[in-house]
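Dear colleague,

Please find below the structure that I am handing over to you. My notes on it follow.

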Amino acid sequence: MKMFCKGSLALALLFTSTLSIANCDVIKNLEVTTPNTTTICKSDIDVLFGYSTQYKSPVWGVYKMKSSLSSKKPVYLRNTGMYAPIEGVSMNEQTSPAQIINSGQAKAYLIPHYNVLSHASQVTKFLTMANVVPVKKELWSNRLRGMMFELGVNERKMALNKGDFNVISGVVYGNELIDEVPSATYLYKVYYHSQYDYTLSYLIPVKAKTNVLSSYLSSVKCIEEVSGHTLFSGFATSMKQSIENGVAYSSKHWASPNHKESSCLLKS
């Protein structure tokens with residue numbers, strides 16, 4: 001069993017406030033440290049959201065990809081355009097669906113619903129603004145949406161082959177607002193297999209010039225440099241250092257601990 005550094009976790013909590021975290025113990029050590037962020041626990045689906053009161057939008061999400069779920073038929077949502085406001089967060093610190101639409105942007109999901117929902121009755125608790133990311137419509141519909149769906153499908157396949165693993169899904173926003181709404185510049189995914197301490201990481205620019213996912217294989221360290229987020233902040237320093245530089249060869253061959261990356265190479 002992995003040992004986690006209480007000191008690091010305490011430091012993380014200086015940057016975040018937490019809502020109903022007690023029931024998300026299984027994944028709370030994977031919280032991402034970001035400033036002005038409220039951590040929201042969805043205990044019924046084992047999901048954590050990190051909601052930025054600075055951007056009035058989510059910045060990260062954490063969930064467990066379960067092999068038992070992957071073996072079942074996925075639960076898909078019918079998009080009605082209705083999203084529940086976030087409980088415990090002031091309405092003044094939330095971006096509404098109408099604001100995103102009026103800014104000319106698309107509403108993208110940070111966490112794919114079909115990889116965390118086991119039955120349709122959970123849908124209403126999942127349709128929350130804590131999971132909606134503003135992305136420029138022309139970029140989202142160009143190739144990014146297809147790439148993110150492909151990643152989600154691959155997660156199910158990997159869980160069947162490798163067993164359960166944890167997923168960190170995050171977004172990086174640009175400095176300029178569009179009608180007071182932020183706009184994503186990068187999306188990232190980090191997969192962590194606790195049995196072997198293996199990782200698989202992607203850093204995808206929203207202006208992606210290719211839809212070949214392997215072009216965007218990255219490291220945790222590179223993602224941190226680009227995003228300013230601190231990943232694995234609940235882990236002991238030695239464990240974090242052993243996994244932060246790893247770049248996987250492919251979705252089949254993940255990065256082992258103490259793998260080294262010479263530099264952070266970004267591909268547009």
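Is Thr39 buried or exposed? Thr39 is buried, at a relative accessible area of 0%; buried means under 20% relative accessible area, exposed over 50%, and partly exposed in between (1.4 Å probe, protein chains only). The residue Thr39 belongs to strand β2, residues 37-42. Its side chain makes a polar contact of 2.9 Å with the side chain of Glu31. A polar contact is a pair of N or O atoms within 3.5 Å; within protein, one must be able to donate a hydrogen and the other to accept it, and residues adjacent in sequence count only if both atoms are side-chain atoms.

Please note that this is a predicted model, in which local features need pLDDT of at least 70 and side-chain atom pairs count only at pLDDT 80 or more, while totals for chains, interfaces and linings use all residues. Residues are numbered from 1 along each chain as its sequence is written, and side-chain values use heavy atoms, with hydrogens and water left out.

Strands and helices are DSSP runs numbered from the N terminus (helices: H or I, at least four residues; strands: E, at least two). Strand β9, residues 198-205, is mostly covered, with 7 of its 8 residues buried. It pairs with strand β8 (residues 184-193) in the antiparallel sense over 8 bridges; two strands pair if DSSP finds at least two bridges between them. Val190 has Ser201 in β9 as its bridge partner. The hairpin of β8 and β9 has 4 residues between the strands, and Asp197 there takes a positive phi near 60°. Strand β9 is also joined to β10 (residues 217-218) by 2 bridges, again antiparallel, and Tyr202 has Leu217 in β10 as its bridge partner.

The whole structure holds 3 salt bridges, a salt bridge being a side-chain nitrogen of Lys or Arg within 4 Å of a carboxyl oxygen of Asp or Glu.

- Lys189 and Glu155 form a salt bridge, their closest N and O atoms being 2.9 Å apart. The pair links strand β8 with helix α5 (residues 137-162), 34 residues apart. Lys189 is buried at 2%, and Glu155 is buried at 0%.
- Glu224 and Lys240 meet through their side chains at 2.7 Å, N to O. Glu224 lies in helix α6 (residues 220-227) and Lys240 in helix α7 (residues 237-243), so the pair ties together parts 16 residues apart in sequence.
- Lys66 and Asp46 meet in a salt bridge of 2.8 Å, N to O. Lys66 is partly exposed at 26%, as is Asp46 at 30%.

Yours sincerely
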